[in-house]
Amino acid sequence: MNKPKHRIITIANQKGGVGKTTTAINLATALAAIGENVLIVDLDPQGNASTGLGIDRRSRLLSTYDLLIGEHGVADVVMPTVVPNLTIAPSTMDLLGVEMEIGQQPDRVYRLRQALSSPEAAEYDYILIDCPPSFNLLTMNALAAAQSVLVPLQCEFFALRD
Ligand SMILES: Nc1ncnc2c1ncn2[C@@H]1O[C@H](COP(=O)(O)OP(=O)(O)OP(=O)(O)O)[C@@H](O)[C@H]1O
Ligand SMILES: [Mg+2]
């Protein structure tokens, strides 16, 4: 089957608590339930998508940090979840140091795009990227890697302003 054109979707909003992670988990689970092979990339150091999908912190030996640093590929990092057809590249707190480590590199914004252009990433029908509540290097990597962006928001005055 041909892959959909908008198969890498970043879920972002610099405002916190607006439903990014819940959207990532629910949309990914729904797609997996109709038989799509789905990968969630947890780019938030909080790791809520990973925790929400049952991945214990102690079992996260590698994470999206290793993808961004470039020392490991997608196949090394991913873990199965409790949901059939749904795989996750988990997050660890190491992500907090990414800006310090690669912030001076010319390709710093394209590290995730590079990792997701690999043959092992092409196995997935959909890749959903869950972002932190900040417009930082992690979110920039997610935006540069995606073909479309989903912005959950709350219908409140300050959410509209900022
Ligand atoms: N559609 C919804 N309706 C009502 N509550 C929701 C909805 N989506 C998420 N929530 C609740 O809102 C809270 C924040 O959701 P979530 O963690 O998904 O937001 P987030 O944008 O990922 O937060 P953060 O910016 O901290 O990563 C959670 O308690 C969640 O259960
Ligand atoms: Mg979140």
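I take two strands as paired if DSSP finds at least two bridges between them. I note also that the model is predicted.

Entry 1, the hairpin. I looked up strand β3 (residues 79-80) and found that it pairs with β4 in the antiparallel sense over 2 bridges. I noted that P80 stands opposite T87 in β4. I then read the hairpin of β3 and β4, where 5 residues lie between the strands and N85 takes a positive phi near 75 degrees.

Entry 2, strand β4. I asked which strand runs parallel to β4. I found that it is β2 (residues 38-42), joined to β4 by 4 bridges. I recorded T87 in β4 as the bridge partner of L39. I next examined the faces of β4 (residues 86-89): L86 and I88 on one side are buried, and so are T87 and A89 on the other. I recall that side chains in a regular strand alternate between the two faces of the sheet.

Entry 3, ligand 1. I listed the residues that surround ligand 1, among them G16, G17, K20, D44 and P133. I found that helix α1 (residues 20-33) gives the largest share of this shell, with 3 residues.

I counted 8 helices and 6 strands in the protein chain. I noted that its radius of gyration is 15 Å, close to the 15 Å that the globule rule gives for 162 residues, so the chain is as compact as a globular protein of that length. I recorded 39% of the 162 residues as buried.

Technical notes
Residues are numbered from 1 along each chain as its sequence is written. Chains are lettered from A and ligands numbered from 1 in the order in which they are written. This is a predicted model: local features need pLDDT of at least 70, side-chain atom pairs count only at pLDDT 80 or more; totals for chains, interfaces and linings use all residues. A residue is near a molecule or strand if its C-beta atom, placed from the backbone, lies within 6 Å of it. A residue is buried if 20 or more other C-beta atoms lie within 10 Å of its own, exposed if 12 or fewer, and partly exposed in between; C-beta atoms are placed from the backbone. The radius of gyration is taken over C-alpha atoms; the globule rule is 2.2 Å times the number of residues to the power 0.38.
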